Amino acid sequence: MTPPDDPVLDALRPWLRPGSSRTLLLAVSGGPDSTALMHAAANLRPDTPLHVATVDHGLRPEAASEADSVGRAAADLGLPHAVLRWQGDKPSTGLQDAARAARYRLLADHATAIGADLILTAHTRDDQAETVLMRLAAGSALAGLAGMRPARMLAPGLRLGRPFLGLDKAVLVDWCEARSLTFLQDPSNTNPRFARARLRAAASALAAEGLTSARLARLAERAARDEAALRQTAETALRDALLPAPEGTLRLDGTRLRALPEAIALRCVDLAITRAGATGYRLEKLEALVLDALLPALHTGATLRRTLAGYCVSVESGRVVTLVPAPPRKNAGPAAPPTVLLGNEHPPAYIGDA
């Protein structure tokens, strides 16, 4: 009989409600974390249709056989399994970010194909700590330091859940070993080419200085809580500041905008320019626009005209802020690909979550 205080089953149980008929997709790579996810879900799944998918990024020759081994383990549990392959050329830089985006895209497409409305991954508290450290090193703002969310919308009608985000990886390894479950070890997890692997190698030294996974995860929770409050305030401020405008244009009341605290004004403009259609800009660009140009112009009554991510932001006599698409530049080359924003699971840029 399974002990009633099993931490793995306890963490997963709320995601597998007895009597639910919804279809769930489990993302399983074959490592100890996702192996525990698959076996625990099979243990708990009274009436829940479960599917398993493994993403083969095509980056290692042994990945195909590893995906096949997951398929055999899934079959032993009576679970349908699919291998999702990342096709096409791979980038020479930003490989892990590109692989992550491809992974979620493939999982979302497969979930839609099988009628699943929830995808579960096996991210742990260790993964959360590494994410926070990576974003801290990249100079992320509060939203980035909030790390990964326990749940978020991946696409309309499709949610992504991380039931093990509060568990240490060691708990999942022990859980698998106690049940003699075979799992894989991905060599890229220790490849110093990747920042996440370098941080993982430094985990013991960081923990000795107090930067434990538990403390970093707690920082993420606090940052997420504060960011949610700031975002809600900014959304209210934007609604209050919006003025009537023709289609394709956004106009904001500059008097209201200049009265806001800087942190709210930044998020308010970020929400506005994202609503207008801009994407792929860095936080530093937004800060330069709002803090160094827009707010000073509003306070002094000056006029202003700046561009950000293909949109023109102008101030008329310190009273009205207008956002319109910028005219195309003459002899402009092909557009650069959108920048990947660290710490941004949801646009806009300043508000973000991996």
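Predicted model: local features only at pLDDT ≥ 70, side-chain atom pairs only at ≥ 80, totals over all residues.
Q: Which residue stands opposite Leu 304?
A: Leu 304 has Val 315 of strand 10 opposite.

Q: What is the strand order in the open sheet?
A: The open sheet has five strands, in the order 7-8-11-10-9, with antiparallel pairing. Strand 7 and strand 9 (304–308) are the edge strands, each pairing on one side only.

Q: How many bridges hold strand 7 to strand 8?
A: Two bridges pair strand 7 (residues 242–243) with strand 8 (residues 250–253), in the antiparallel sense. Within this part of the sheet, Leu 243 is opposite Arg 251 of strand 8.

Q: And which residue takes a positive phi in that hairpin?
A: That residue is Gly 248, with a phi near 90 degrees. The hairpin of strand 7 and strand 8 has six residues between the strands.

Q: What about strand 8 and strand 11, how many bridges there?
A: Strand 8 and strand 11 (residues 320–325) pair over four bridges, again in the antiparallel sense. In strand 11, Val 320 is the bridge partner of Asp 253.

Q: Changing topic: how many helices and strands does the chain have?
A: The chain contains 13 helices and 11 strands. It has 354 residues, of which 45% count as buried.

Q: How much accessible surface does the chain have?
A: The accessible surface comes to about 17700 Å². Carbon and sulfur atoms account for 53% of that surface.

Q: Now charges. How many salt bridges does a search of the whole structure find?
A: The search finds 12 salt bridges. One of the pairs is Asp 10 with Arg 13, whose side chains meet at 2.8 Å, N to O.

Q: Are those two buried or partly exposed?
A: Asp 10 is partly exposed, because its relative accessible area is 34%, and the buried class requires under 20%. Arg 13 is likewise partly exposed, with a relative accessible area of 38%.

Q: Which residue forms a salt bridge with Arg 125?
A: Asp 168 does, and the closest N and O atoms of the pair are 2.9 Å apart. This pair links distant parts of the chain, 43 residues apart. Arg 125 is in helix 5 (residues 125–137), whereas Asp 168 is in the loop between strand 6 (158–161) and helix 7 (169–178).

Q: And how accessible are Arg 125 and Asp 168?
A: Arg 125 has a relative accessible area of 22% and is therefore partly exposed. Asp 168 also counts as partly exposed, at 24% relative accessibility.

Q: Last topic: which residues form the positive surface patch?
A: The patch is formed by Arg 215, Arg 218, Arg 222 and Arg 225.

Q: Where is Arg 218 placed, and how accessible is that residue?
A: Arg 218 is in helix 10 (residues 213–241). Arg 218 counts as partly exposed because its relative accessibility is 37%.

Key:
Residues numbered from 1 in each chain as written. Heavy atoms only, no water. Patch = residues over 30% accessible without salt bridge, like charges linked within 9 Å, V, L, I, M, F, W, Y side chains within 5 Å. Areas by Shrake-Rupley, 256 points an atom, 1.4 Å probe, with all protein chains shown as cover. Salt bridge = Lys/Arg side-chain N within 4 Å of Asp/Glu carboxyl O. Lys, Arg positive; Asp, Glu negative; His and termini not counted. Charge placed at Lys NZ, Arg CZ, Asp CG, Glu CD. Buried < 20%, exposed > 50% of the residue type's maximum accessible area, 1.4 Å probe, protein only. Pairing = 2+ DSSP bridges.
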